[in-house]
Amino acid sequence: MSLRDRTNAAIGAETLPLLTFLCVVFLVFSLVTPLFLTGANFGSMAFQMPVLGLLTLAMLGPILSGGLNLAIIYQANISGLALAWVLIEFGGSEAGIGAFLLGSALAVLTGAASGALMGAVVAYFGAHPILVSLAMMIFLRGLGEFLTRGSDISGFPDYMNVLGHGSFVSIPVPMIIFILAAILWHIMLKRSRHGFSVYMIGSNIEAAEYSGLHTKRTLVTIYAISGMICAIAGIVMAARFNSVRVGHGEALLLVTVLACFLGGIDPFGGFGSVFPVAIALIILQALSSGLNLIGANQHLSTAVWGLFLIAVMVLRWVGMRWRNKQLGGT
Amino acid sequence: MPNVFQKHSVEMRLSLVLLLIVVGLSIKTDTFMTLGNITSLLNNNAVNLIWAVGLLVVLVAGGIDISFAVAASVVQYLSAQVFVGLGGGNWVVGFIVAAGFGVGLGLINALLIHGFQVISIVITIATFNAFFGLLMFFTKGRNIYNLPDWWTDRIFIFERQATDGTWSELNLSVAVMIACVLATWALIRLTTLGRQLYAFGDNPEGARRAGVNIWQMQIVAFCWCGMMAGIGGLMQVNIAQEVVPNALYGRELDVLAAVVLGGARLGGGRGTVVGCILGVMFVAITQNGLNLLGISPFAFQMIIGATILFAISSSNLKFGRSGKARLKESAT
Amino acid sequence: MKIDPEPDPAPALRLRNISKTFGGVKALQSVDFEVRAGEVHCLAGENGSGKSTLIKIVTGVQAPDPAAEFELFGERVNTISPTKARSLGIAVIWQDLALFPYMTVAENIAFDDMVGVTPRLYFGGRYRPRVKELLDRLNLPLNLDSLLVDLPIAQRQIVAIARALMGNARLVFMDEPTASLTHSETNALLKIVRALSVQGIAVVFVSHRLAEVIDISERVTVLRDGRLVGVFATEGMTQFRLGELMTGEQLKNVVHAEDFSNSEPVLEVEGLTRHGEFESVSLIIRRGEVLGLTGLIGAGRSELAHALIGMRTPDAGELILEGTPIRFNSIRDAIARGVAYVSEDRLSLGLIQPQSIADNTVISVLDRILGGLGLISPARQSRLVSHWIEKLAVKIGAPDDAVSTLSGGNQQRLVLAKWLATEPRLLILDSPTVGVDVGARAGIFRIVRQLADEGLAILLISDEVTEVLYNADRVLHMAHGKIVGEYDPRITNATELEAQIYA
């Protein structure tokens, strides 16, 4: 196998082109503004990206399994609410670390439960994941609004500041959490039996069943794990914004899908890995931060993200045509 | 079972459930089955239904469009600029302009999807972000209040005063909605083009081999959806009396849920206008009913979400399919 | 057997010098093809011989290389598209039927009238009488309003034929139409084909079933590796000769049966019953033995196999595996106990086409390639994959290539490898050579016999009597859900057995 083939197999075929894009983006912005290549900027990027990153990881699993999870934002919110509730029960801003741990455990449990329910409906009723997650999204949104009456929940203990705004060895804590999650996710997908099943199911679920894989169990599990990562995202969000509000981050839903497609995840399922998606996330964050630094607002970033995805798709198509021509094809 | 029931079992069952709900509400409350309530229901959901039939055409053709609600906002904004530039205008001009912009935005989707062979969910998510971002950037998030009178004046196609002096009326958007619904119905049921759309969604390869022009299918589907998005946006301004750039954000998923509830299949090849109407009205009447029953408004979404979840699970149970419907099926 | 010497002066279709190159590969090279009006003509060739490409060119789906000559009913044609082909009277029924599952029978049949015309109003009512008239004329009883997805495959085929005829076709291509039909359904189809021929409609039949080819057609055009081997009259031709022409090799059929009655039983089935599918089935498969199971489609063979591997639960009866009574609750159960089932649908159930060869090989034995921390060990996977690829001589590019890059024969070897990796005691092969070229089949069966020699018990299910006779030690005949006969291949020959089956 050539060096290129070996690298592709190890870290995904999309990685090299994406790294190139990343370098181009960094280059362009560093030329346009002296503020880009600064510790302050990177620090800011490193603080903002993890929430989007965690949510993208949560979206990644279901897409690989051949589906989609539109409920991730509200799963995160509801989990955050679970944490908030426990903290408030134990004294609000006076709550101890124990309460935080308990609350986090409850949050993760909530995420896992909502995920498992979705996975079960998809697996046992054969319902379309888009519909199931859409229904769950509407339900959780409603549940959250019902519980909070539409208002913010705040009043968290100070130590949560560390989680949301602190750094460890000058790496922001949220970023550490994201990196850990990404590494674990990667290992699970590429080296565990469960991850193997996810890929196979994403490509052809019936053949996977015939070959002896636990298809239903895999589906329930992948959505449950997705829910757990949403919960972690919700906890980080609560720490960063010092409050929980239902609807926090809802603009990020389609951005996570965008990041996945940008990172080369096959929309049909069965192919893709964490590393290229992580690079895609860095690119998106760099675009946003860079635009911010030159005075453009967040909305321009949103537009640029969309246009960037289109540009990448066009380039991939061009690349495919070029490769076909090389093979002398039609 | 007679074949018409087999072919449209989802619609049949939904209408049955809807009937039960309507009967139940009429009995339980004395405010549901009133002219005032019914007209109000129609007024409030006319725009949703216009968008729903637009989305239906895309779904039937085997694709999906996430960008139409945002596109509607873009059309509102662009149309406002045109009307102000023209120094006024009227409804005829309004429809032409709005439909034109809508078709244009739909054309962008179709071009990207067909030209670069990328599936519709990827492209429309990208255009969703692009349209919304650019819109908010150029409008700076500001509403437009200064709109021509013809656009914001209420026009009623029907009004009746009750004995206690209150008025029930149907406004223009309901008339437009009826026209759009009929036009869509004619397109997909009565034309050869519509037959080809169904076929293309049902079996794209088979359609290709039969000589169906794929490019034509994409254009028809996405431009029709865009046109409906634009017209819906136009009417929504008439109701809201101002252009609010981010007001429609998020509506696409609600409309999608309603259309799919009404029997349109995400993989293409299935779906009816009647189903659309049933889906939208189901959600609307449920919400209306909950309101009239005095249930907390915060509980609405919860109940609706649970209902849809339940409906999806049970409809799949009936069919007994063990295969998985996946993203794969919604590819175009 | 005669080579047809006289070209018809006014053929329905005459193609000369058809070539087609795909990215450096010549799918067709200077092929001539001629069909007479009203004739039933077979197009025979292995996978990769170019017959699919030829059909695509004739029906306008693909364009041939320049210098092709195309004459239809005496008139020169320069370019052709699907709609033009249809208007010229050419219709094709693809192997996958290319019908629309969620449209009704009537809508499917009338569909081609919807295409290629300026968009206009369409009223279902306008087409119904024409469709009804066509079906009545052909004596095809179909419910016009049934959804296609609700029809069994034999009826869908009829819908496809009716659709072809709606366009007043004078030349109909049928690509492997009998592949999934039962014997009686096949007969019904062949009757329709003959009726068409009588009406002056020429039918080109593509089939790999040599017996059918010889039975139904008057002449056969044989393609091999993109080239024309020749055009032959089928009268007097034998299956062997046709197989030789298609593969270019001499095929020998030798009986390999041996007596295994002293070998210990691996699987004993006693009185197995599943209502509506099979009844009171009893059989024994012994170590090292290949037990053949044949019969008509619909006899219950696959259903029986499904019960043996845990896909369906029997209503009555016993299964005894190596002396212990067992009951399987799922396919996973069966695999764990050493029963492996190679389904007949290799393409969509046996392998996951887009995924890699390496992953497909280990998919059923993940527990055996674990390393530290319970994670999959790439090294172990690699070793396992190399071992089996080598043992079964699967010709691959690289282990990370997608399975879809392999040829049919090699895919089938890979499927075998995947199941053998589970170290089964009993291997059930259901129609293992469907879609595998005549030439590659011998290789597959060599492997099967070798596995038996190594001690594996094998149940070989096949439609083709010759396959079971020449590769099994004993043959069971199953009909209407019951075992109705047992045959010794050393005593009974193919003709006798076929007579029993088709009686």
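Me: What makes the area between chain A and chain B count as buried, and how much is it?
Reply: Buried area is the accessible area (1.4 Å probe) that two parts lose on being put together, summed over both. For chain A and chain B that comes to about 4,800 Å², with 78% given by carbon and sulfur atoms. This is a predicted model, where local features need pLDDT of at least 70, side-chain atom pairs count only at pLDDT 80 or more, and totals for chains, interfaces and linings use all residues. Side-chain values use heavy atoms, without hydrogens and water, residues are numbered from 1 along each chain as its sequence is written, and chains are lettered from A and ligands numbered from 1 in the order in which they are written.

Me: Why is the pair D254(B) and R141(A) called a salt bridge?
Reply: The term asks for a side-chain nitrogen of Lys or Arg within 4 Å of a carboxyl oxygen of Asp or Glu. The closest N and O atoms of D254(B) and R141(A) are 3.3 Å apart, so the pair qualifies.

Me: How do you know which residues of chain C and chain A are in contact?
Reply: Contact means heavy atoms within 4.5 Å. By that test, 31 residues of chain C touch 26 residues of chain A. Together the two chains bury about 2,400 Å², 63% of it on carbon and sulfur atoms.
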